[in-house]
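Me: I would like to go through the charged pairs in this model. Could we take them one at a time?
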Amino acid sequence: MNRGTAAVAKLSLSYVILIILSCISLFPALWIVMSSLKVGNSLFSDTFIPKSFTFEHYINLFQNTSYPLWFLNTLKVAALSTVLGTFLLLLSSYAISRYRFAGRKTTLTTLLVLQMFPGFMAMIAIYVLLNTVGLLNSHWALVLVYSSGAIITNVFVAKGFFDTIPRSLEDAARIDGASHMRLFFSIMIPLSRPMLTYASLMIFNGSFVDFIFADLVLRTEEQRTLAVGLYRMVSQRNSTEFTLFAAGAVLVAIPVTMLFMFLQRFLVEGLTAGASKG
């Protein structure tokens, strides 16, 4: 086998593997979409593509359930968490990247260790703390938890991005009389747009689809988010609305998918730039 034939065989094998992995990844999503369009309540079907299609389940979501309220609650929590979490992340990562202070290395080590543990390990402590301050069954409780968790999750990416910005820009701004806050808001934040986009998307996505903490904190129907509401809808003893749940799951994925597609270029730039240094 000559070199040209070997290269073609290697390339063909790579495409075959990629196609197989793509099919494995897309199959669950396509199955949920097909199930949401199927007549009846059962998810079981003899064929992958339903014999008849219906949009009845999507209509029932908005007419016979509290889905619109759950959606608005989720959007509010995700939006507030994204704004507050991104702002806190920028402040903390910029301070760690640009300033040298006592305990800096200890802070970085602590944040690195905290990343190794899943967030739900702190559920009991967070529950007790929120109950003590009277924030149970409140959207603000979720916002505070998601925003603070965003620092631990994304601080090294944000710090790595700030490390790539030349210090000569700061020196020139200080010579012109810029204060620390003016330097941060007028120079650093505009230059960190790719990383800012990446961090905001990660925080929004995590807040939008989270179930564990939302189910722990929220107690009433009026406060529930999408993940909790959909789970409660099918977890009741006499509930068989599985195709209705599939329709709700499809609608949950639409906002996040559209954001990722629209901001894909900035997402890749922010991830790669933040990983180049640190």
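Me: Where in the structure are glutamate 170 and arginine 174, and how many residues apart are they?
Reply: Both belong to helix H7 (residues 167-175), and because they are four residues apart, about one helical turn separates them. Helices here are DSSP runs of H or I with at least four residues, strands being E runs of at least two, numbered from the N terminus. This is a predicted model, in which local features need pLDDT of at least 70, side-chain atom pairs count only at pLDDT 80 or more, and totals for chains, interfaces and linings use all residues. Residues are numbered from 1 along each chain as its sequence is written, and side-chain values use heavy atoms, with hydrogens and water left out.
Me: What joins the side chains of glutamate 170 and arginine 174?
Reply: A salt bridge joins them, at 3.7 Å from N to O; the term requires a side-chain nitrogen of Lys or Arg within 4 Å of a carboxyl oxygen of Asp or Glu. Arg98 is linked with Glu170 and Arg174 in a network of salt bridges.
Me: Is glutamate 170 buried or exposed?
Reply: Glutamate 170 is buried, at 2% relative accessibility, whereas arginine 174 is partly exposed at 34%. Buried means under 20% relative accessible area, exposed over 50%, and partly exposed in between (1.4 Å probe, protein chains only).
Me: Now the total: how many salt bridges does the structure hold?
Reply: There are five. One of them pairs aspartate 215 with arginine 232 at 2.6 Å, N to O. That pair links distant parts of the chain, helix H10 (residues 212-217) and helix H11 (residues 226-235), its members being 17 residues apart.
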